[in-house]
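Reader: I am new to this structure and would like to learn how to read it. Could you walk me through a few features?

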Amino acid sequence: MRVLGIMGSPRIKGNTDLLLDGALKGARSQGAEVEKLIVDKLNIAPCREYYGCLSDGNCVIRDDMDGIYPKLLNADVVIVASPMFFYGLTSQLKALIDRSQALWARKYVLKQNLPCEGRKGAFIAVGATKGQKLFDGSIFTVKYFFQAIGVEYAEELLIRGVDKKGGIIKHPTALKDAFELGSSIAQR
Ligand SMILES: Cc1cc2nc3c(=O)[nH]c(=O)nc-3n(C[C@H](O)[C@H](O)[C@H](O)COP(=O)(O)O)c2cc1C
């Protein structure tokens, strides 16, 4: 069982990072092999709409996405984690997602079979405010991303009202819930 965690916050040891670590710890507790990508430390250009992917399923831009496509395709579980930035995902994470258009093209344009039956995904998000619709747009984005890469949106953990770096530690349930999410999604 390979679990890929995608950490979308630029703040290392911030709330998203700690939540994702909790989930990956839970996955490890089930014997999963885990890997964490810190998107902010990677060189991922935004999609430029060159549309090379429509002809052969590959992006024409050469950067760290080259190594990420196989990871997205080979993971049994993908966990996407992000803070809310203006009611959306961070731009670093959104760039990774937009560049996955190459995998969307393989599936929907070139009609290739992605190696994906039974793969699961989870979304972990945190924001400072308590707005009821805080996560709505991002949930749509992550669901559509998962669909493009052949992953079922299986679990989510959405935490409101946490702002300061590491403030998540004081939350009554979040880190425990993250551990449980990771542990349950890594079970077959
Ligand atoms: C650029 C920026 C935009 C933000 N926009 C929102 C927002 O729209 N809604 C919200 O609830 N919090 C917003 N926040 C607050 C963060 O989501 C919050 O501080 C979160 O806990 C940060 O998580 P992190 O430590 O993982 O980076 C924003 C923060 C930044 C820096």
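This is a predicted model: local features need pLDDT of at least 70, side-chain atom pairs count only at pLDDT 80 or more; totals for chains, interfaces and linings use all residues.

Reader: Let's begin with two helices. At roughly what angle do the axes of α5 and α6 cross?

Author: A pair of helices can be described by how near their axes come and by the angle between them. Here α5 covers residues 101-109 and α6 covers residues 136-149; their axes come within 8 Å and cross at roughly 60 degrees. That angle makes α5 oblique to α6.

Reader: Which residues in α5 and α6 meet?

Author: On the α5 side they are Leu103, Trp104, Lys107 and Tyr108, and they meet Tyr144, Gln147, Ala148 and Ile149 in α6. Sorted by class, the residues of this contact of α5 with α6 are six nonpolar, one polar and one charged.

Reader: And how do the axes of α3 and α5 cross?

Author: Helix α3 spans residues 65-74, and its axis and that of α5 come within 10 Å, crossing at roughly 55 degrees. The two helices, α3 and α5, are therefore oblique to each other. Tyr69, Leu72 and Leu73 are the α3 residues here, and they meet Ala102, Leu103 and Arg106 in α5. The contact of α3 with α5 divides into five nonpolar residues, no polar ones and one charged.

Reader: Now for the spaces. How many cavities of 30 Å³ or more does the structure hold?

Author: A cavity is a space where a probe fits but cannot get out. This structure holds one of 30 Å³ or more. The largest cavity has a volume of about 130 Å³.

Reader: Which residues lie nearest the centre of the largest cavity?

Author: Cys47, Tyr50, Tyr51, Cys53 and Cys59 do, out of 16 residues that line the cavity. Helices are involved as well: α4 (91-99) and α5 each supply at least two residues of that lining. By class, the lining of the largest cavity has nine nonpolar, three polar and four charged residues.

Reader: What about the largest pocket: how much space lies in it?

Author: A pocket, unlike a cavity, is an open set of points. About 190 Å³ of space lies in the largest one. It is lined by 13 residues, and the closest to the pocket's centre are Arg11, Asn15, Pro83, Phe85 and Asp163. The lining of the largest pocket is made up of seven nonpolar, four polar and two charged residues.

Note on methods. Residues are numbered from 1 along each chain as its sequence is written. Side-chain values use heavy atoms; hydrogens and water are left out. On a 1 Å grid over the protein atoms alone, a cavity is a set of points where a 1.4 Å probe fits but cannot get out, and a pocket is an open set with protein on both sides within 12 Å along at least five of seven lines; lining residues have an atom within 4 Å of a point. Grid points are joined across faces, edges and corners, and a volume is the space filled by probe spheres set on the points. Ala, Val, Leu, Ile, Met, Phe, Trp, Tyr, Cys and Pro count as nonpolar, Asp, Glu, Lys and Arg as charged, and the others, Gly among them, as polar. Axes are lines fitted to C-alpha atoms, for helices over the stretch in contact, and angles run from 0 to 180 degrees between N-to-C directions. Helices (H or I, at least four residues) and strands (E, at least two) are DSSP runs, numbered from the N terminus. Angles under 35 degrees count as roughly parallel, over 145 as roughly antiparallel, 65 to 115 as roughly perpendicular and the rest as oblique. Contact means heavy atoms within 4.5 Å.
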